[in-house]
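Let me put the model up on the screen, and then I'll talk you through a few bits of it.

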Amino acid sequence: MVGPTASLSILQRADGSATYKCPATGYTILSAVNGPVELPGRRDALKPEDATVEVFVKPGTTTGGVGERAIETTLKSVLGDIVLGREKGFPRRGVVLTLNIVGGENVERGDSYLTLLPALLHAGLLAMISASIPLSMTLSAVLLGVTDSGEIVQNPSPAAAKSAVSLHVLAISSKDHLLLNQSRGRFDFDTWELIRARALSICQGAANDGDVAMGEGTNTASVNGFIRETAEDQIYSAYAHKLDSI
Amino acid sequence: MSKEAQLSVAERDFILEALRQDVRLDGRKPDEYRPLDISFGEEYGHVNLQLGKTHVIVRISAEVTKPRDDRPFDGLFNINMELTNMGSPAWESGRSNDLEAAVTHTLDRVIRHSNALDTESLCILKGVSCWSIRADVHVLDYDGNLTDAACIATMAGLQHFRRPDAVVRNGQVIVYGVEQRVPVALNITHKPLSVTFHTYNDSKHIILDATLKEEQAAEGDLVIGINNAGDLCYVSKIQGAPVDAMAIVTKTSVAWEKVKTLNATMDKVLQADLAKRAKVGMADESRATNDREVQPE
Amino acid sequence: MASSAAASNPTIPSLNLPPSQFARLQPHAYLLAHLSPPAASDQPSVRANGRATSQFRVTSANAGSLTHTNGSAVVRIGDTAAVCGVRAELLHTEDIASWSVSTASEAEAGNTSQKGGSKTEDEEDRDHVQDLNLLVPNISLSTGCAPGFTPGAPPSTLAQSLSHEILSLLHTTRLVKADDLRIWYQPPNLESEEFRNAGEGMDVDSEQTGGPEPEIKAFWVLYIDIMIISLAGNPFDAAWASVLAALRDTKLPKAWWDADNETVLCSDNISDAQKLSLRGLPVSSSFCTFEADAAAGWRSVVIPNADELKSQAQKQGSQQRWILADPDGYEEGLSQERVCVVVDIEDGKTVIVKMEKHGGWAVDSDDLRQLVDVSAKRWHEMKRILDQC
């Protein structure tokens, strides 16, 4: 299986940006973060102690609808969790994240956004890193499907996701907390616990250390390791001038 | 509503003074476009266009729908553009602004109303089903001249796009997947593009393809939509300082030349991409069918 | 957090505010003081509204309250009240753009959209109910249902995402059977007659076999409108319960295709009308987490690992967070983390249909297992209420 690809800081105007491409599901997400910015005329965004995280999801070939609003709410609460919105300069300001789905199929009306959610989360997180938004930790997410025969499939394709008995998206922080769970379909709790264990091993890698699991495109590489690697690559290129002089 | 950072007085004076000496900030000639880079994505009709620092992605999509009652022989074609916070921090996602309205209007006039895409060819079954073609313009970076960038990208997308083949059998419309039948190119009747000029110093200086800073310092603008054959489709001089009538005539011939070069560039990139696809096409197609056979399980 | 210290120390004489004012001024400390009363006072840990942590509010449901709908219900959970009306409209297949369209692979398999063919019933249901948008739920949070909902405002993000959640849950649970919504027509078996609607309904192999296949001529589209007339927290549970009750109440008139008039006719005889047969009874239960120290996650420079967090909580002895079932508006405002569990019980076996959590990092496997058990209990309670209404 081909692993995802990502790159940081690709846009000129936005404070931070990233692309994230997941070949298994076929989605490419482009994300941009601006923050901290003023949100004038927005009384709801004037939180005296905290920054307001705003998320906007723009589908590739349709106009946004209720599905986008619902997924925005979820993304907002998950990413808002790890943003240190009380750092200096952030209260009463906004951190505005725009996620543009530039590759892959559209999500049908009334369909859950589950197949897209991990890619959106990763793209959002990478853009936040690119914009140097202070974060308490990072996260990694995975989509798991359970087939008729009870087999757990990682990153099922949109067609496979449709025929799955249940679909689960779990986001796990770099410190093993369960940040998000969205499960749909028919399942019992024991199945979910298997899913949870599987998600943990996929996100954190068996060795539970980002440095170890950096094999090239292998299945053993953890998602968290991938996020970390992408960020490190960016730091290397950004500080190339310093590294050379040492 | 947030706004783009205003130009300082010194910056404005500098731009104007430089123009008086026929110098532009980036050293271009008055009638010169910034470097144009067009590339195509994996899907048909996915165009990635960079004009200097202005960066847009256009995606063309097609679906079968019911034609409008008053035009049973016509397909549908729409161009959609929504400015988000991604393109410029000054834009608020989900709220339209003046620029969005202006650019959408121009695109509509230049491409849609000039009938660049033959909508009658989109009809499948009279009054029952037709193709609906949709162009979505995503603005990733905004550094001036969004109109031309979006217009070139949309036209490139329409020429690059292939819709699935569809036939009518016993009143039943059958749509063939990309791997079953060679998809069909859209019927492009002509290739109009917009060319945007900005005027300075009582329209003594008229420049092409202004950057954001140059746009902010401009007195007025002039948009000309013209095709390869030299047919004018759209001229707009809506706001700003008056322009000498003769200037419009001379600039129209400049625009014509530009459109011919732009279309030539576009053709070259399109041909190169199609040749590339043809080469890997066989291998890809066989792989695609294999993938598809696996899926129903 | 001087005030929280003051709150848990009742000996300070200056603090002589009536509880209602205290609740407004220091909401977090007020709820915390209720949940963790000082050890000296002999009070049990209850929520500010007097409920135990896993206790739901008093729920009542009434079906068939509206006369001009095909089915309706009012559900009240505490002070949150939702009205749901289901209205069925006819959709002729000739008005569906995608109806006469099939992809080549389907056509080759002799499996056009009119016929089920080899597909299972479930898959076909999904095709029709979802692809043709036969269920159209819409939630509106009416003006004044809670402070902050002003007249004339566009649908709030909350209303939009609730609409989506309801629709998505209707689709994943496949609650409504597509067969209930289909209006069939059996063409007379006359070989010589040329069918008027040959362009509409014939497929290739029916001509070969000679006998006309029954065709679908129209669908019922169910417009499910939900209005939250009073919002005091937990709108999703109330909205979903009202949808469930309304759909159980929904009766569709008997309808048939009249070949002579080329239209669908409905019987006005009430006794001919049929109830929908729903798949199961998924019941939704929502929870929120109240943290003793809301800013803990921000203040600590290094957030402890999940394991450390657990052992820390055990060490400290006093409870640091509470999972509150069916939160009211006051409690929702004080918590970030939300959990929503939708369960159905079939033959005594609990099936989870949807399980969601977001907004925090406290709730994990152990808590979720308990919440599923709580939701299963709630299912029995809701079933009793819905059966009675």
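In chain C, 39% of the 389 residues are buried; a residue gets that label if 20 or more other C-beta atoms, placed from the backbone, lie within 10 Å of its own. Keep in mind that this is a predicted model, where local features need pLDDT of at least 70, side-chain atom pairs count only at pLDDT 80 or more, and totals for chains, interfaces and linings use all residues. Residues are numbered from 1 along each chain as its sequence is written, while chains are lettered from A and ligands numbered from 1 in the order in which they are written.

Okay, over to chain B. Strand S2, residues 46-51, is mostly covered, with five of its six residues buried. What joins S1(B), residues 36-40, to S2(B)? Five bridges do, and the two strands run antiparallel; strands count as paired if DSSP finds at least two bridges between them. B:Phe40, for instance, has B:Val47 in S2(B) as its bridge partner. This hairpin has five residues between the strands, and B:Gly45 takes a positive phi near 80 degrees.

S2(B) also runs antiparallel to S3(B), residues 54-65, joined by six bridges. Here B:Leu51 sits opposite B:Thr54. That's another hairpin, with two residues between the strands, and B:Gly52 in the turn has a positive phi of about 60 degrees.

Technical notes:
Buried ≥ 20, exposed ≤ 12 C-beta atoms within 10 Å, placed from the backbone. Helix = DSSP H or I, 4+ residues; strand = E, 2+ residues; numbered from the N terminus.
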